[in-house]
Amino acid sequence: MNAAYTREIINPVLPCKMEGYNEARFCFHQTEQQKQASREGLRTACGLRDDLLLDTLVLEAGEIMVFFTLDIAIAEEEFTSYCRRAVRDGCGLALSHICVSCSHTHNSPVVSHGMNHELDPDLEYWEMIAEKMVSSARRALKHLRPARVTLDQVPVNGFYNNRNRPGEEYNDRCDILTFETPEGLPIVRLLNLACHPTILGAQNVWITADFFGVLRRSMQGITGIPVMIFNGEAGDVSPRLVKRGVDWNECIRYGEGIAAQLTESKHPCRLEVPSISVQSLILPIDYTPRTNAYLLEKQQELKEELKTLEPDSNRAHRIATCYLRDVEDKLAQEHLHYEPECLIVDFGSFRIVTVPCEIDTVLGKRIREYDEKPTLLCAYANGFHYYAVNRQEYGIVFESFNTYFPYGAADAMVDEILEHL
């Protein structure tokens, strides 16, 4: 196998609008002062806390696969298609061999059009990112060199949990792929963990990669090896219930604390990569919200519950401004059609599966534990169709109210992936 890694800075021109906490109604578990600071609508960034990065990893073994990760909140399909086409045309690669994913930091420039297409992304910023992707991929392709890879699996303790089912299961493990030359010179270390990078709250007006940025810098400072991150099944996993604050000091505590755990190797094993094969799965979803029996039933249930609650209670606020509002937003739409794309990249001794959404713990576990082959899960990739929630929790957890996956569709997506593993 040959490998190459490059890094670019993708800081925006300031001031700029920010994505991630667009409305105060989503500010759960924050003080009234913090909610007031967020107000309604987009924040305007007044400064830069740390650099936003574009990481590029190119792997070659018969076929070539390019992975890009970006420090942005949402990599929607229109944006990722724009970037992938630019890389295809500029580098002569197949679209199916290009993956664009994001860290999901909630403190980045507006790149998406938003859930209801209400946002106006900076198209000049799109162009800048696409140009840097092309130049990064070209540079990496010119500097491919023989590489070997090892896998280590290290637990992360005390920093995040399942925000919907505290005390129950979530992916508390970080899979670490270390790429180096046959002589032992480092190329890059790829981390695959599952957590929302949302230490800083809606009151923050500084562009930042959140604790992911601190984690990368801290690990590289300890080991001397550049660090790249794939965010996994973080749909229901975050630091929300265990973090001690929403300021930069807490970001440092998280990033440095997790780095300290991950630099203690456990059981690294060498992986052989005889070849690379890529499958692109297009999974069309047709959704008719206006007549959807499930949505209509939930609308009625929420209205009835709202009648039983004190108007000023936290539960009443959530139902009125979030759950019921999101259900009725979908009921107002006659028809939705979209075509999520998932990639299965098989390296022989391990595989990487990408999904274009925020996938939850239950569904992510089905993919990771399908068989004995180590499987990394790269979410937020090549599109963003919001939350993929399993059938058992659909209609119970808040993610299932604003998702654009109809009931059962996320499970069907995973079923299709498993059929092709």
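Is Phe401 buried or exposed, and what is its relative accessible area? Phe401 is buried, at a relative accessible area of 4%. Buried means under 20% relative accessible area, exposed over 50%, and partly exposed in between (1.4 Å probe, protein chains only).

The model is predicted: local features need pLDDT of at least 70, side-chain atom pairs count only at pLDDT 80 or more, and totals for chains, interfaces and linings use all residues. Residues are numbered from 1 along each chain as its sequence is written, and side-chain values use heavy atoms, with hydrogens and water left out.

**View 1. An open sheet of five strands.** The strand order is β7-β6-β5-β1-β9, and the pairing is mixed. β7 (98–102) and β9 (145–146) stand at the edges with a single partner strand each, so one side of each has no neighbour in the sheet. Strands (E, at least two residues) and helices (H or I, at least four) are DSSP runs, numbered from the N terminus. Two strands pair if DSSP finds at least two bridges between them.

**View 2. Strands β5 and β6 side by side.** β5 (residues 53–61) and β6 (residues 63–70) run antiparallel. Eight bridges join them. Glu60 has Ile64 in β6 as its bridge partner.

**View 3. Helix α3 across the sheet strands.** Helix α3 (residues 123–142) lies across β1 (2–9), β5, β6 and β7. The helix runs at about 150 degrees to β1. Axes are lines fitted to C-alpha atoms, for helices over the stretch in contact (heavy atoms within 4.5 Å). Angles run from 0 to 180 degrees between N-to-C directions.

**View 4. The aromatic pair Phe211 and Tyr254.** The whole structure holds 16 aromatic pairs. This one is tilted, at 5.6 Å centre to centre with 55 degrees between the planes. Phe211 lies in helix α4 (residues 210–223) and Tyr254 in helix α5 (residues 248–262), so the pair ties together parts 43 residues apart in sequence. Phe211 is buried at 0% relative accessibility. Tyr254 is buried too, at 0%. Rings of Phe, Tyr and Trp (its six-membered ring) pair if their centres lie within 6.5 Å; planes under 30 degrees apart count as stacked, over 60 as edge-to-face and the rest as tilted.

**View 5. The aromatic pair Tyr323 and Phe401.** The ring centres are 4.6 Å apart and the planes stand at 15 degrees, so the pair is stacked. Tyr323 is buried at 5% relative accessibility.
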